[in-house]
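Student: I would like to learn how to read a protein model step by step. Could you take me through some features, giving the general idea before the particular case?

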Amino acid sequence: MFIGSMRQFITFLFLLGASSGLAQEIGHTSIQKWPENKKAAISITYDDGTLNQFHKALPIMESLGMRGTFYINTGEIPSSKYRAKFIGREVQEILEEASRIPTNSENLFERASLIRFLDMPDAVSYHDRAGAAFEQGRYEQAFSLIDEGLAYANSHNIIEMKEPQIIDGPMIDWDEIRDYAQRGHEFGVHTISHPRLAVLDHENLLYELEKCKEEIEFQLGKEFLFSAECPFGTEDERVMGYALEMFPATRNRMPELFLHEINRSGSFDPKSDYGKSYIQWQRGPLSRTSSELMRSWVDDILTRDDTWLVLVFHGIEGIGWEAIPESIIKEYFKYIASKEDVWVGTFAEVTKYMRQRMNTDVSWQNQNDGIHFEIDSKLDPFWYTVPLTLETVVPKNWKNVSLVMEGKKQSLEIRNSGKHNLVVYNIPAGTSSFKLIKE
């Protein structure tokens with residue numbers, strides 16, 4: 001029995017044209033760090049959904065074969081069902097109480113939720129500044145700002161409410177957004193009305209996230225609920241607790257063991273060992289950011305093979321916060337497109353690829369008719385839909401190789417690494433088995 005098995009093994013090695021040393025390598029397969037053996041990834045993301053993101057920046061991206069990620073405030077879209085509103089006690093009751101009891105840790109969230117809806121000057125500013133102070137640990141300053149705003153309301157007898165005006169200028173509507181979504185752009189939750197979520201009470205915080213989520217699902221479909229961005233880049237623990245339960249991913253935070261995150265206030269050292277399989281580096285170009293600096297970010301990530309640059313844009317061509325001229329956007333996107341080793345994918349696409357790679361097992365067996373593969377992934381197939389790029393060692397005497405999957409053949413190009421012959425190919429998400437054969 002042993003002699004027969006050994007003969008079969010030797011015969012198989014002869015058929016492969018391989019030495020016993022090389023036979024141990026044949027079939028060895030790895031999932032590449034990025035699709036198509038790229039060296040780095042870039043996601044181009046936008047916040048708020050202002051007009052020229054779509055009418056200026058998006059056409060430039062599409063002309064270069066790129067797709068973007070747009071985090072939108074759905075309450076600003078004309079035909080949206082859910083509008084911004086305050087949920088809670090009567091205004092007069094809260095204001096009367098504020099005239100007697102200073103703001104403190106027990107009533108801050110309710111008052112900060114209310115103040116941005118009062119029909120008075122700087123109502124949103126009081127909310128935003130108090131929220132920023134709270135997140136920075138300056139609690140007394142947050143209390144003082146809310147007290148100042150509510151004192152103004154009381155002294156001027158302001159009890160009327162109105163929707164906070166967050167975005168200046170016209171907004172596109174859902175029919176146009178649906179068209180962009182069908183063309184491959186990603187849309188995600190950015191709340192109803194762009195509040196400082198960290199200083200909203202439970203009911204108002206959930207309303208802003210859940211109703212924005214419901215609007216997007218109704219208008220675009222569940223597949224557009226993969227990622228979200230909570231406004232102002234918050235990393236508040238309470239907010240993140242809610243958001244990471246609601247969405248598979250957030251741009252604010254990606255709590256993955258394999259990923260080192262560097263947010264927009266952090267610095268990236270291209271020569272540093274961060275001890276992770278991947279690095280996410282966020283950069284937020286502003287109106288004064290030089291083209292040279294923006295290009296350097298691309299150059300830096302190409303010095304390694306593990307970095308994902310997430311660009312965060314707001315205003316474009318005069319509309320929106322820190323608006324960047326269209327000419328600068330065009331020049332920069334052309335520079336990115338000129339880098340053949342960069343993969344430009346939406347935030348969802350890059351997140352999905354990394355997670356699929358890190359949570360997929362590939363096994364193989366060398367058989368007489370070729371190399372047989374089994375793929376196993378524990379991820380939810382509804383969300384994880386991005387093809388994976390695989391690299392496999394094939395025998396030296398294979399001059400032509402085909403990928404056989406679901407009864408279809410695809411010819412693959414063989415390249416020589418010096419020691420091995422290799423083929424690189426893509427496998428659709430959800431694939432459970434396939435084989436490579438000699439032609």
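This is a predicted model: local features need pLDDT of at least 70, side-chain atom pairs count only at pLDDT 80 or more; totals for chains, interfaces and linings use all residues.

Student: How many residues of helix 5 are buried?

Tutor: Seven of the eight residues in helix 5 are buried, so this helix is mostly covered, where buried stands for a relative accessible area under 20%. The buried residues are Leu108, Glu110, Arg111, Ala112, Ser113, Leu114 and Ile115.

Student: How should I describe the way two helices pack?

Tutor: In general, two packed helices are described by the angle between their axes and by the distance between those axes. Here, helix 4 (residues 91–98) packs with helix 5 (residues 108–115) at an angle of about 125°, and their axes lie 11 Å apart. That angle makes helix 4 oblique to helix 5, and the crossing of the two is left-handed.

Student: Which residues of helix 4 and helix 5 meet?

Tutor: On the side of helix 4 they are Val91, Ile94, Glu97 and Ala98, and these meet Glu110, Arg111 and Leu114 of helix 5.

Student: How many disulfides does the structure hold?

Tutor: The structure holds zero disulfides. Cys212 is in no disulfide, and the nearest cysteine sulfur, which belongs to Cys230, is 9.8 Å away.

Student: Are Cys212 and Cys230 buried or exposed?

Tutor: Cys212 is buried, with a relative accessible area of 0%, and Cys230 also counts as buried, at 1% relative accessibility.

Student: Next I would like to read the backbone: which residue other than glycine has a positive phi?

Tutor: One of them is Phe232, whose phi is near 65° although the residue is not a glycine. Phe232 sits in the loop between strand 5 (227–228) and helix 10 (237–246), and with a relative accessible area of 35% it is partly exposed. Asp122, which is not a glycine either, has a positive phi of about 65°, and its place is in the loop between helix 5 and helix 6 (123–135).

Student: Where is Gly241 found?

Tutor: Gly241 is found in helix 10, and its relative accessible area of 42% makes it partly exposed. Its C-alpha atom is separated by 23 Å from that of Tyr278, a residue 37 places away along the chain.

Student: What should I note about the chain as a whole?

Tutor: The chain has 13 helices and 18 strands, and its C-alpha trace spans about 100 × 50 × 45 Å along the principal axes. Of its 439 residues, 51% count as buried. Finally, among contacts between residues at least 6 apart in sequence, 72% join residues at least 24 apart.

Note on methods
Residues are numbered from 1 along each chain as its sequence is written. Side-chain values use heavy atoms; hydrogens and water are left out. Axes are lines fitted to C-alpha atoms, for helices over the stretch in contact, and angles run from 0 to 180 degrees between N-to-C directions. Helices (H or I, at least four residues) and strands (E, at least two) are DSSP runs, numbered from the N terminus. Angles under 35 degrees count as roughly parallel, over 145 as roughly antiparallel, 65 to 115 as roughly perpendicular and the rest as oblique. A crossing is left-handed if the near helix is turned anticlockwise from the far one by less than a right angle, and right-handed if clockwise. Contact means heavy atoms within 4.5 Å. A disulfide is a pair of cysteine sulfur atoms within 2.5 Å. Buried means under 20% relative accessible area, exposed over 50%, partly exposed in between (1.4 Å probe, protein chains only).
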